[in-house]
Amino acid sequence: MKATDLNQAMNYVEDGYLLELDTTKKEILTMKNRKKTLRILMAAALIALMAVTAVAAEGLDLFSLESGRSKTYRSYAEVAKAITESGMEDLHIPQTLDGGFRFQSVQVQDVNGRDEQGSHVLTYRQLEAEYRSDAGQQLYLSIHPALESLGEHEGNPTAVRSLGDVTMRYYLDHYRLVPGDYTLTEADKQWQSQPGNFISYGSDKVEQQDVAFLCWDQGGVQYTLMDMGAALRQDTLFAIAQEMLAG
């Protein structure tokens with residue numbers, strides 16, 4: 001199995017997800033409960049951050065990632081508790097971010113990996129913090145261990161910058177969200193074949209959205225800033241990341 005042959009697919013059941021790793025396209029295959037466009041985009045973007053490396057996938061026989069228990073904290077005073085529950089140390093989750101973004105909540109989420117027979121082979125915890133500006137813009141900070149079994153985004157970054165020994169990678173993906181019974185046209189297939197373009201199933205109507213995210217690894221942890229709708233300039237995301245790295 002090669003890394004480029006892996007699928008990142010999602011099956012939403014209530015608030016959980018299932019990522020199946022067996023084909024080349026990122027698709028939301030089914031949605032038993034319709035989710036808002038924002039949540040679909042968040043799911044699809046997170047899939048892009050959970051590509052499984054070929055060696056680790058073969059060694060672990062890893063086939064799927066699925067959500068387990070989760071707990072949400074809405075008070076910044078409880079962030080330290082969430083970090084402790086995550087099992088990760090020395091994390092920095094700011095109360096405010098450059099650009100007028102303020103902390104709204106943080107969720108601690110269990111993620112379980114299974115092999116093709118459904119046997120458990122991997123468990124880790126991730127944090128997902130939500131920020132919102134006075135203008136209503138939303139920004140998400142996702143944090144999980146930089147495990148060998150979880151690789152980087154499969155595309156080429158649009159921009160790369162370094163701060164000390166930390167490399168920050170900026171990506172801009174384009175998503176076409178379609179209903180579950182939608183039949184792809186030849187134009188859809190041609191569009192999907194272009195790097196950075198993905199078609200995801202599960203929306204109530206055909207919609208197109210951009211998602212920008214900035215990733216970096218620090219101290220054995222992967223951080224990802226996600227801008228749903230790509231409303232912010234890439235320089236703004238880099239500035240936020242640099243602010244976080246500066247502590």
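Q: Why is Phe 238 called buried?
A: The relative accessible area of Phe 238 is 0%. Buried means under 20% relative accessible area, exposed over 50%, and partly exposed in between (1.4 Å probe, protein chains only). Phe 238 therefore counts as buried. The model is predicted: local features need pLDDT of at least 70 and side-chain atom pairs count only at pLDDT 80 or more, whereas totals for chains, interfaces and linings use all residues. Residues are numbered from 1 along each chain as its sequence is written, and side-chain values use heavy atoms, with hydrogens and water left out.

Q: How many aromatic pairs does the structure hold, and why is the pair of Tyr 170 and Phe 238 called tilted?
A: There are 6 aromatic pairs. The ring centres of Tyr 170 and Phe 238 are 6.3 Å apart and the planes stand at 35°. Rings of Phe, Tyr and Trp (its six-membered ring) pair if their centres lie within 6.5 Å; planes under 30 degrees apart count as stacked, over 60 as edge-to-face and the rest as tilted. The pair is therefore tilted.

Q: What makes this pair a tie between parts that are apart in sequence?
A: Tyr 170 belongs to strand S10 (residues 166-178) and Phe 238 to helix H5 (residues 234-246), so the parts tied together are 68 residues apart in sequence. Helices (H or I, at least four residues) and strands (E, at least two) are DSSP runs, numbered from the N terminus. Tyr 170, at 5% relative accessibility, is buried.

Q: What makes the contact of Arg 125 and Asp 110 a salt bridge?
A: Their side chains meet at 2.6 Å, N to O. A salt bridge is a side-chain nitrogen of Lys or Arg within 4 Å of a carboxyl oxygen of Asp or Glu, so the contact qualifies. Arg 125 is in strand S7 (residues 120-132) and Asp 110 in strand S6 (residues 101-114), 15 residues apart. Arg 69, Asp 110 and Arg 125 are linked in a network of salt bridges.

Q: How do Arg 125 and Asp 110 count, buried or exposed or partly exposed?
A: Arg 125 has 28% relative accessibility and is therefore partly exposed. Asp 110, at 11%, is buried.

Q: Why are Lys 189 and Glu 186 said to be separated by about one helical turn?
A: The two residues are 3 apart in helix H4 (residues 186-192), which means a separation of about one helical turn. Glu 186, at 60% relative accessible area, is exposed, whereas Lys 189, at 41%, is partly exposed.
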